[in-house]
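Please examine the sequence and the structure shown below.

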Amino acid sequence: MSRKYSNLNPTTNSTQFLDPYQDRRGTGPVRPREPLPQEKPDLWDLGDGLAMAWLGHSSIFLRMNGKNILIDPIFSRYSSPVPFVGPKRFPGNAITPAQLPEIDLVLITHNHYDHLDRATIRALDGQVGQYIAPSGVGGNLRRFGIQSSKITELGWYEETSVDGLTVICTPSQHNSSRTILDWNRTLWGSYVLKDGAHTVFDSGDGGFGNHFSEIRERYGAPDLAIMECGQYGEKWHTTHMFPEESVQACRMLEAKLAVPVHWGAYVLSNHPWDDPPRRFRQRAEELNQCFRIPVLNQVIPVP
């Protein structure tokens, strides 16, 4: 039997898989009544500087070190183990795998269905050079039909180099599962990317903790922090931050620019759909944290 992974700090949301709609925070609809605004960017020609585009939820297109990088891509209509059942995507996201350029690197933070989507991975694979995932998640990718030679698995604080780009898997406070029987059999994590000119941090999913300070001490302040902010609830607070904590995590990292993600696509909790960016904005302004809240598919150049 494969090992079980655990967090640095105790977590309390053992019912997360069975009880997704847990509590009500704030007022307003959990889904937007109209399609969300979006842009139609040209992702084929972003130059060699650092830039990102938010593709909805935690899906990120990152241009760094002259490479095209995708983080946690999901373009499916439903986030679910069963097609046509489960959380349905908000209307208004027109990006498809066919509209993306060749992808040098796909990063997966953990194996939950809203971060590791079988249909998306299989549709993308012909244009993907390499995958990096936390320990054990390579098994999920291989079951999707991905060649083992394209997969690199990392434990926390392990790193790999891809043509001048260093990718480090760093801790997060979360969990993993694809079924009720494989709880925490694969690792979850965040990522630090460094290329000598810039540092980028992607939080993946996770609760608030001192690991953000540890990451800052080891790897320096990121130029860009892509931070989980959404799908939270009282019963899984230890593994999903409230927006105010997402801002505080950015302050601990000393991030020069913060972008809140993990919202704007699927209803996975019971807060109003626009609660995450509203609360993030308010707290970021109070703490003088530089931030951007993009519309769907908007390209953000990072100085």
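This is a predicted model: local features need pLDDT of at least 70, side-chain atom pairs count only at pLDDT 80 or more; totals for chains, interfaces and linings use all residues.

Residues are numbered from 1 along each chain as its sequence is written, and side-chain values use heavy atoms, with hydrogens and water left out.

Helices (H or I, at least four residues) and strands (E, at least two) are DSSP runs, numbered from the N terminus. Axes are lines fitted to C-alpha atoms, for helices over the stretch in contact, and angles run from 0 to 180 degrees between N-to-C directions. Angles under 35 degrees count as roughly parallel, over 145 as roughly antiparallel, 65 to 115 as roughly perpendicular and the rest as oblique.

Helix α3 (residues 211–219) and helix α4 (residues 243–253) have axes that come within 8 Å and cross at roughly 25°; α3 and α4 are therefore roughly parallel to each other. The crossing of α3 past α4 is right-handed, a term for a near helix turned clockwise from the far one by less than a right angle, with anticlockwise giving left-handed. Contact means heavy atoms within 4.5 Å. On the α3 side, Phe-212, Ser-213, Ile-215 and Arg-216 meet Ala-249, Met-252 and Leu-253 of α4. This contact of α3 with α4 has five nonpolar residues, one polar and one charged. Here Ala, Val, Leu, Ile, Met, Phe, Trp, Tyr, Cys and Pro count as nonpolar, Asp, Glu, Lys and Arg as charged, and the others, Gly among them, as polar.

Helix α5 (residues 275–286) also packs on α4, at an angle of about 45° with the axes 8 Å apart. That angle makes α4 oblique to α5. The crossing of α4 and α5 is right-handed. Pro-243, Glu-244, Ser-246, Val-247 and Cys-250 of α4 meet Pro-276, Arg-279, Phe-280, Arg-283 and Ala-284 of α5. By class, the contact of α4 with α5 divides into six nonpolar, one polar and three charged residues.

Is α4 enclosed or open? Eight of the eleven residues of α4 are buried, so α4 is largely enclosed by the rest of the structure. Buried means under 20% relative accessible area, exposed over 50%, and partly exposed in between (1.4 Å probe, protein chains only). The cover over these buried residues includes β10 (199–202), α3, β11 (224–228), β12 (258–261) and α5. After α4 comes Glu-254, whose phi is positive, near 60°.

**Cysteines**

Zero disulfides are found in the whole structure, a disulfide being a pair of cysteine sulfur atoms within 2.5 Å. The sulfur of Cys-229 lies 9.0 Å from the closest cysteine sulfur, that of Cys-250, which is too far for a bond. For Cys-290, the nearest cysteine sulfur, also in Cys-250, is 10 Å away.

**Accessibility of selected residues**

| Residue | Relative accessible area | State |
|---|---|---|
| Cys-229 | 0% | buried |
| Cys-290 | 43% | partly exposed |
| Pro-41 | 22% | partly exposed |
| Asn-184 | 11% | buried |
| His-262 | 1% | buried |

Pro-41 lies in the segment before β1 (51–54). Beyond its neighbours within four places in sequence, Pro-41 is in contact with Ile-95, Asn-297 and Val-299. Asn-184, in the loop between β8 (165–170) and β9 (190–194), has a positive phi of about 60° although Asn-184 is not a glycine. His-262 is in the loop between β12 and α5, and its phi is near 75°, a positive value in a residue other than glycine.
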